[in-house]
Amino acid sequence: MKDRGFSLIEVIVVLIIISISISIVIPSLSKVSKGIELRSWTQKISGILRYCRSQAVNEGQTFSIIFDLDDRIIKIKSLESEKSSVIYPKEIMIKHVNIKSESQPSEKPVIEFYPNGSSNGGDIIIENGVKKFKIQIHPITGIVKVLSEEV
């Protein structure tokens, strides 16, 4: 008579192999997840900057993006009023906001977009310990560019 199926030992060996594989894969998935979250927030921040540039040109007024690094808030303001604000998560660190030329010195970094499409320019470095991105704002054209850097 032919035996069909698996023995208990074969099933246990397969389960051990699967559990070892899972324990190896899960930490790398966590790293990938953190990298995806950082990329997502970098795209969101660069999108905010691009939106403010286009609104400054369309509405004919200066738009300011204020980076409150202590409270983890990015505020968008026009000459008329505060438009909106975004709170970013603790896992995302805006390490540095370098402004090329500030028209009005302030304690919080401010990037401005003017009605002609230009900007005061600057660099923003965003990281999470695994990966780092740099957002560049060209002062003459106001073009926003995202660069990836290794930590």
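1. Contact here means heavy atoms within 4.5 Å of each other. With that in hand, take Ile 94. Not counting residues up to four places away in sequence, Ile 94 touches Ile 45, Phe 67, Leu 69, Ile 74, Tyr 88, Ile 124, Ile 125 and Ile 126. Keep in mind throughout that the model is predicted.

2. In soluble globular proteins, nonpolar side chains tend to be buried together. The largest nonpolar core in this model has 26 residues. Ile 94 is among those with the most contacts inside it, along with Leu 49, Phe 67, Ile 111, Phe 113 and Ile 124. Which elements give two or more residues to this core? They are helix H1 (8-59) and the strands S1, S2, S4, S5, S6 and S7. H1 gives the most, with seven residues.

3. Next, the sheet. Four strands form an open sheet in the order S3-S2-S1-S5, and the pairing is antiparallel. S3 (82-87) and S5 stand at the edges. Each has a single partner strand, so one side of each is left without a neighbour in the sheet. On average, neighbouring strands of this sheet are turned by 15° against each other, direction ignored. H1 packs on the sheet and touches S1, S2, S3 and S5. The direction of H1 makes about 150° with that of S1.

4. Look at how S1 is held. Six bridges join S1 to S2 (residues 73-78), and the two run antiparallel. The hairpin of S1 and S2 has four residues between the strands. In this hairpin, Arg 72 takes a positive phi near 60°.

5. Is S1 enclosed or open? Six of the six residues of S1 are buried, so S1 is largely enclosed by the rest of the structure. In a regular strand the side chains alternate between the two faces of the sheet. In S1, Phe 63, Ile 65 and Phe 67 lie on one side. Ser 64, Ile 66 and Asp 68 lie on the other. Both faces are covered, with these residues all buried.

6. Ile 73 shows the S2 side. Ile 73 lies in strand S2. Its relative accessibility is 18%, so Ile 73 counts as buried; the cut-off is under 20%. Leaving aside neighbours within four places in sequence, Ile 73 is in contact with Ile 66, Phe 67 and Asp 68, and also with Ser 85, Val 86, Ile 87 and Tyr 88. Leu 8 is 65 residues from Ile 73 along the chain, and their C-alpha atoms are separated by 57 Å.

7. Now the charges. Side chains of opposite charge can pair when their charged atoms come close. How many salt bridges does a search of the whole structure find? It finds two. Asp 68 and Lys 108 meet in a salt bridge at 3.8 Å, N to O. Asp 68 lies in S1 (residues 63-68), while Lys 108 lies in the loop between S4 (93-99) and S5 (110-113), so the pair ties together parts that are 40 residues apart in sequence. Lys 108 also meets Glu 107 in a salt bridge, at 3.7 Å, N to O.

8. Asp 68 is at 5% relative accessibility and counts as buried. Lys 108, at 25%, counts as partly exposed. Glu 107, at 77%, counts as exposed.

9. Finally, a loop residue. Where is Asn 128? Asn 128 is in the loop between S6 (122-127) and S7 (132-137). With 14% relative accessibility, Asn 128 counts as buried. The side chain of Asn 128 reaches the backbone oxygen of Lys 34 at 2.9 Å. The side chain of Asn 128 also reaches the backbone nitrogen of Lys 131, at 3.0 Å. Leaving aside neighbours within four places in sequence, Asn 128 is in contact with Lys 34, Gly 35, Leu 38, Glu 91 and Met 93.

Conventions. Residues numbered from 1 in each chain as written. Predicted model: local features only at pLDDT ≥ 70, side-chain atom pairs only at ≥ 80, totals over all residues. Heavy atoms only, no water. Buried < 20%, exposed > 50% of the residue type's maximum accessible area, 1.4 Å probe, protein only. Polar contact = N/O pair within 3.5 Å; in protein donor to acceptor, adjacent residues only side chain to side chain. Salt bridge = Lys/Arg side-chain N within 4 Å of Asp/Glu carboxyl O. Pairing = 2+ DSSP bridges. Core = buried A, V, L, I, M, F, W, Y, C linked by side-chain atoms within 4.5 Å. Axes fitted to C-alpha atoms, helices over the stretch in contact; angles between N-to-C directions.
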